[in-house]
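Please look over the model shown here before reading the briefing. The points are grouped by topic.

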Number of protein chains: 2
Amino acid sequence: MSNKGLAGRDHTFIEDVAGLLVPWGVPQTAARLYGYLLLRPEPASLDCIAAELEMSKSSASVAARLLEQYTLARRRGEAGSKRALYEASDNYEGIMTGQIRLVTALADLLRKRSEQGGPRERIAEMAEFYGMIGDATEQALRRWKARGED
Amino acid sequence: MSNKGLAGRDHTFIEDVAGLLVPWGVPQTAARLYGYLLLRPEPASLDCIAAELEMSKSSASVAARLLEQYTLARRRGEAGSKRALYEASDNYEGIMTGQIRLVTALADLLRKRSEQGGPRERIAEMAEFYGMIGDATEQALRRWKARGED
DNA sequence: TGACATATTCGACATATTTCGAATATAAAG
DNA sequence: CTTTATATTCGAAATATGTCGAATATGTCA
């Protein structure tokens with residue numbers, strides 16, 4: 001995997017992963033980088049990323065930092081060098097924790113509004129729903145972590 | 001709520017809701033429309049939406065159709081008229097079902113890839129995780145629906 | 001069917017975002 | 001501290017997306 005560009009199957013995987021993330025607001029380059037990092041057995045340098053995904057190094061830097069912000073990727077160092085290496089985060093619950101934050105915040109907004117504003121049954125019900133969903137997903141995350149410790 | 005523009009509290013709610021959705025790739029106008037529809041006791045016409053949210057009618061149309069596509073809003077008709085009325089969907093699990101679709105599809109991609117490509121422990125583990133999360137959220141949705149039938 | 005009301009699409013323009021290479025900042029070693 | 005390697009930021013240009021009003025399509029009634 002040190003040739004320029006990517007083999008067909010890898011390319012397809014990367015584009016498929018990207019196709020899932022882009023509709024959720026992840027920029028194309030960052031989404032493709034995520035697919036790429038998922039494929040890599042070891043962390044990748046920005047030079048390597050830039051070469052294999054055929055983008056400029058600065059675009060690679062921006063994308064990698066964005067993924068890091070989303071907690072989808074993690075940065076590692078290389079002893080004795082300034083080189084940064086990025087890998088897919090093994091805390092890959094990032095998608096779910098983000099989603100929990102979203103529905104929890106939405107529940108709070110809805111709850112607050114239903115208290116302020118009079119009889120809004122729908123809003124109250126939705127607040128309850130999103131609260132419940134947030135709890136359920138948090139529990140599922142907890143179960144997963146607990147099972148990983150066996 | 002037939003005056004031009006919106007009162008402070010409503011405006012804040014709308015902007016808060018939008019602020020939650022926009023980072024997930026929902027365009028600003030559609031996100032604001034969702035907040036607006038959540039507030040409305042009855043369905044809103046495009047003329048009404050355009051006036052109160054201070055946008056063009058065509059922008060309102062595009063936003064409403066987008067929300068409909070996301071299943072966050074629902075369209076109703078008006079007897080004897082061509083007028084369309086939009087309301088927040090009472091199938092408001094749209095956010096969750098979209099997320100379930102995302103993690104399920106990601107699990108599939110990961111699973112397929114780990115079968116094809118040799119020992120990729122991480123990918124297999126992630127496929128399992130996302131599969132599990134998808135199941136957990138689906139169950140929570142089912143519980144909610146079952147409880148609604150009491 | 002035609003008239004009218006209304007939604008949607010289209011194309012132009014405005015605005016936002018992305019991508020790039022150069023400039024700048026930063027980290028590590030000697 | 002200087003040098004070198006590397007990442008990051010900057011600003012310009014390219015590209016994508018959003019918004020609008022006019023044009024077009026669609027639905028209802030007489």
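The model is predicted. Chain A is more spread out than a compact globule, since its radius of gyration is 20 Å, well over the 15 Å that the globule rule gives for 150 residues. Chain B is related to chain A by a turn of 179 degrees, and 24 residues surround DNA strand D.

**Fold of chain A**

- Six helices and three strands make up the secondary structure elements of chain A.
- Along the sequence, these elements of chain A come in the pattern α-α-β-α-α-β-β-α-α.
- A box of roughly 65 × 35 × 30 Å, taken along the principal axes, is filled by the C-alpha atoms of chain A.
- Chain A has 150 residues, of which 34% count as buried.
- Counting contacts in chain A between residues at least 6 apart in sequence, 42% join residues at least 24 apart.

**Relation of chains A and B**

- Gly25(B) is the residue of chain B that comes closest to the rotation axis, with its C-alpha at 1.9 Å.
- The same surface serves both copies, as 100% of the contact residues of chain B recur in chain A.

**Contact between chains A and B**

- Chain B contributes 31 residues to the contact, and chain A contributes 31 residues.
- On the side of chain B that touches chain A, at least two residues each come from α1 (8-21), α5 (94-116) and α6 (121-148) of chain B.
- By residue class, that side of chain B has 22 nonpolar, four polar and five charged residues.

**Surroundings of DNA strand D**

- The closest of the 24 residues that surround DNA strand D are Ser58(A), Ser56(B), Ser58(B), Ser59(B) and Gly80(B).
- From chain A, α3 (46-52), α4 (57-69) and β3 (81-88) each supply at least two residues of the surface near DNA strand D.
- From chain B, α2 (28-39), α4 (57-69) and β3 (81-88) each supply at least two residues of that surface.
- With six residues, α4(A) gives the most to the surface near DNA strand D.
- The residues of this surface divide into seven nonpolar, 11 polar and six charged.

Notes
Residues numbered from 1 in each chain as written. Chains lettered and ligands numbered in written order. Predicted model: local features only at pLDDT ≥ 70, side-chain atom pairs only at ≥ 80, totals over all residues. Near = placed C-beta within 6 Å. Helix = DSSP H or I, 4+ residues; strand = E, 2+ residues; numbered from the N terminus. Nonpolar A, V, L, I, M, F, W, Y, C, P; charged D, E, K, R; others polar. Rg over C-alpha atoms; globule rule 2.2 N^0.38 Å. Buried ≥ 20, exposed ≤ 12 C-beta atoms within 10 Å, placed from the backbone. Contact = placed C-beta atoms within 7 Å. Least-squares fit on C-alpha atoms with pLDDT ≥ 70 in both.
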